[in-house]
Amino acid sequence: MFPPFPTEQAHCYCGQIISKLRDGSLHLTQVSAPSGERDGHGIMIGVLVCTDSAGEEVVLYTVSGSSLIIEGCIHGYIWVPPVVSTESLMLALAPNDKRIHELTAELKTASERDKRRISGERAVLTTESLKAVHSLYHFHCGDGSVRTLSGICTERAFQNRCQKLPPTGTGDCCAPKLLDYAFAHTLLPVSMDEVYYGRSSVNKVNGMSYEPCDERCGIILPAILGLTIIYRDRNILVVNKQSGLLSVPGRGPEKQDCIVNRMRRLFPGTIEQPSVHRLDMETSGLMVLAFTAESQRNLSMQFERGDVRKQYVALLDGVLEHSEGLSVPPHGITEGVIQLKFSPDWPNRPRRIYDDVNGKLGITGWKKLGYNWYRGADGANRKVTRILYMPHTGRTHQLRLASSDIHGFGLPIVGDALYGKCESGERLMLHAQSLSFIHPVTGLRMEFMCPAPF
């Protein structure tokens, strides 16, 4: 995943720590048995540079995993221990540990008929142990809340429709440890980097910096930070907005949690109005925001001129085929353009309605990608249509109306509470997967892809 903060300053501190490890001023100490898969491998050394409430610099450092610590004193540095102690982890694993090892040994000599039974029993116990471990992890977040790993995984399952448990070691990487400590002590992150220390291999080179991993950190960091950062530099920020979160503040205190305010909290130097476009609260996907007034004006003008290219993926609730009375698609056509006019439905705001006389024109390119099976909240599967949208205008609810209105496809997007139906535990199946614009400072066109999670 993309580094959430600048790395340069923290990288220098990582180099100082590695130098002290080499000259013996610091040394690594084993506090528990390393896992077999990690034996003989190096570690990541992580540093997070922060400022405290008085504006003074604070340097935090740690290592990846839970089996090693750095011993020795570095004046002005603060050592960050694991989020969960080794003793607590061992206690959580103890009830099933012996039986899991027995089953693993049995598998080596079991017949093909018995292997399925043994593997099934081991999988059940392994999952039980993994959940017990996950329940121990609590992370302090940028908004002042404390979130459990179990809760983070539940939210991830809702967004991605994926019940897969995170891998072993989730929560033991450098980045979540450092950020948890910083937010627990009301420190403001400024710079963060992770450097590999150990024998070089095909995957990692000694002394090189590496981004937080997608496999583990990609699950935790968005929850801790409040933002899934796709790209960041001094001028712009690109994020993957989750479904259910506002893009900009609304009216009233209950509508202040949004992408804009989360950005300003995480990066205090941000201008007051960094937004240049928005996504519906229920829509997920790519958004670009600006750190500076000049970049904000430049990007806003690009949206107004139509220089920005966008693509969305949606699941339509039904099978999209030619039907009498629909304006599109004619028989055999799998792509085209929808042009429809809509106006506010004033008695039923925020809904929009078709209005061929006074409505504002929405122009949407589309391409049918095929069909999928969708498992509803009741557990039943139904056939839905996967479609790619390329909006040429930016009208409110443009894609939701092009889908649901009888003058369009006549099929609402799955999970659309306004124009279709949304079952409990369901989200709107609309995702902004592609965003392309001209960088406001370099003048180079940038393109970002974030595949739909459904």
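1. Tyr231 is buried, at 18% relative accessibility, while Phe2 is partly exposed at 23% (buried is under 20% relative accessible area, exposed over 50%, partly exposed in between, with a 1.4 Å probe and protein chains only). The model is predicted: local features need pLDDT of at least 70 and side-chain atom pairs pLDDT 80 or more, while totals for chains, interfaces and linings use all residues. Residues are numbered from 1 along each chain as its sequence is written, and side-chain values use heavy atoms, without hydrogens and water.

2. The structure holds 12 aromatic pairs (rings of Phe, Tyr and Trp, the last by its six-membered ring, with centres within 6.5 Å; planes under 30 degrees apart are stacked, over 60 edge-to-face, the rest tilted). Phe2 and Tyr231 are a tilted pair, because their ring centres are 5.2 Å apart and their planes stand at 55 degrees. Phe2 lies in the segment before helix 1 (8–23) and Tyr231 in strand 9 (residues 229–232), so the pair ties together parts 229 residues apart in sequence. Helices (H or I, at least four residues) and strands (E, at least two) are DSSP runs numbered from the N terminus. Phe2 and Tyr231 also belong to one aromatic cluster with Phe437 and Phe448.

3. His397 is not a glycine, yet has a positive phi of about 60 degrees. His397 sits in the loop between strand 16 (381–391) and helix 9, and is buried at 8% relative accessibility. Thr186, also not a glycine, has a positive phi of about 50 degrees; Thr186 is in the loop between helix 5 (174–184) and strand 8 (188–197) and is exposed at 63%.

4. The peptide bond from Arg349 to Pro350 is cis, with omega near 15 degrees. Pro350 is in the loop between strand 13 (335–344) and strand 14 (352–354). Most residues other than glycine have a negative phi, and most peptide bonds are trans.

5. Thr29 is part of strand 1 (residues 27–30). Its side chain makes a polar contact of 2.8 Å with the side chain of Glu71 (N or O atoms within 3.5 Å; within protein, one must be able to donate a hydrogen and the other to accept it, and residues adjacent in sequence count only if both atoms are side-chain atoms). Beyond neighbours within four places in sequence, Thr29 is in contact (heavy atoms within 4.5 Å) with Ser67, Leu68, Ile69 and Glu71.
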